[in-house]
Amino acid sequence: MCGRYSNSKSVTQIKQEYPFTVKNIIGESFNLAPSQPGYIITADEPEVIQAMHFGLVPYWAKDKKIAFSMINARSETLLEKPAFRPLVQKSKRCLVLADGFYEWEKAGKEKLPYRFVVPDRDLFSFAGLWSRWKDPVTDEPYETFTIITTAANDVVKPIHERMPVILSKSDEKLWLSKDLPIPDILSLCDSYPADEMNKFRVSQEVNKVVNNHAGLMEPINSQ
């Protein structure tokens with residue numbers, strides 16, 4: 001799974017890599033957790049960067065609580081799940097902008113956090129899906145996203161069996177394309193090359209979602 005990630009870049013830095021309009025500005029996040037807002041780019045508006053909440057709430061949900069069980073979507077079963085199948089079919093796909101993600105190694109009673117990065121890419125994207133839900137009481141829209149996962153590569157596997165689908169720069173355009181057949185779209189959900197990734201231990205401060213500062217992203221042996 002991928003339940004915590006970061007996008008520590010400012011709007012100016014993000015626009016250097018993705019030179020698009022920013023629809024609603026949020027601050028940098030060094031420890032982005034479910035229910036919090038993160039930047040995405042949708043297939044419907046591929047030249048707009050906008051913030052939605054992490055954790056999918058399908059349009060048919062009774063309330064927002066379901067979001068915490070839908071932070072991730074397994075790539076292998078996207079077309080089998082009623083929450084995800086229509087989003088794939090109707091091109092409700094998105095890029096989730098990130099500069100790293102976290103996973104935890106169990107060591108006895110401790111959970112030791114690791115940060116995973118792509119050294120040659122200061123900012124990259126996960127493959128995602130998004131949805132718009134309306135509050136049945138207020139009728140207010142609530143927009144959310146989920147991160148698609150796949151089998152872990154050799155860098156992630158010692159820590160966790162799953163990893164987010166990280167898209168190459170060329171695959172980002174394909175993921176957002178409304179012209180490609182669905183089988184071709186789903187073929188993009190491969191594990192990112194292990195030799196293009198790196199991992200390192202970080203402070204256990206990251207275990208608590210209330211902690212959100214740049215030091216969380218630093219290797220533990222540099223602190």
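**The loop residue E140**

Task: State which residues E140 contacts, leaving aside its neighbours within four places in sequence, and locate E140 in the chain.

Solution: Begin with the contacts (heavy atoms within 4.5 Å). Leaving aside neighbours within four places in sequence, E140 touches W133, K134 and D135. The model is a predicted one, in which local features need pLDDT of at least 70, side-chain atom pairs count only at pLDDT 80 or more, and totals for chains, interfaces and linings use all residues. Residues are numbered from 1 along each chain as its sequence is written, and side-chain values use heavy atoms, with hydrogens and water left out.

Next, assign the position. E140 belongs to the loop between strand 10 and strand 11; helices (H or I, at least four residues) and strands (E, at least two) are DSSP runs, numbered from the N terminus. D139 is found in the loop between strand 10 (124-134) and strand 11, and D139 has a positive phi of about 70 degrees although it is not a glycine.

Solution: Buried means under 20% relative accessible area, exposed over 50%, and partly exposed in between (1.4 Å probe, protein chains only). S35 sits in the loop between strand 3 and strand 4, and its phi is near 85 degrees, a positive value in a residue other than glycine. S91 occupies the loop between helix 2 (85-89) and strand 7 (93-98). Apart from neighbours within four places in sequence, S91 is in contact with A43, D44 and K178.

Seven bridges connect strand 8 with strand 9 (residues 110-117) in the antiparallel sense. Y102 has R115 as its bridge partner in strand 9.

E103 is found in strand 8 (residues 100-107). Not counting residues up to four places away in sequence, E103 touches residues including M1, C2, Y114 and H160.

**The pairing of strand 5**

Task: Explain why strand 5 is largely enclosed, and list strands with which strand 5 pairs.

Solution: Six of the seven residues of strand 5 (residues 48-54) are buried, so strand 5 is largely enclosed by the rest of the structure. Strand 2 (residues 21-22) runs parallel to strand 5 and is joined to it by two bridges, with V22 partnering I49. Strand 4 (residues 37-42) runs antiparallel to strand 5 over four bridges, and P37 stands opposite H53. Strands 4 and 5 form a hairpin with five residues between them. Strand 11 (residues 141-151) pairs with strand 5 in the parallel sense over two bridges, and T144 is the bridge partner of H53 there.

**Aromatic pairs**

Task: Classify the ring pair of F101 and F116 as stacked or edge-to-face, and likewise that of F124 and F126.

Solution: Rings of Phe, Tyr and Trp (its six-membered ring) pair if their centres lie within 6.5 Å; planes under 30 degrees apart count as stacked, over 60 as edge-to-face and the rest as tilted. The whole structure holds seven aromatic pairs. F101 and F116 are stacked, with 5.0 Å centre to centre and 15 degrees between the planes. This pair links F101 in strand 8 to F116 in strand 9, 15 residues apart. F101 is buried at 0% relative accessibility, and F116 is buried with a relative accessible area of 0%. F124 and F126 are edge-to-face, at 5.7 Å centre to centre and 70 degrees between the planes. Ring pairs link Y5, F54, F101, F116, F124, F126 and F145 into a cluster.

Technical notes: Two strands pair if DSSP finds at least two bridges between them.
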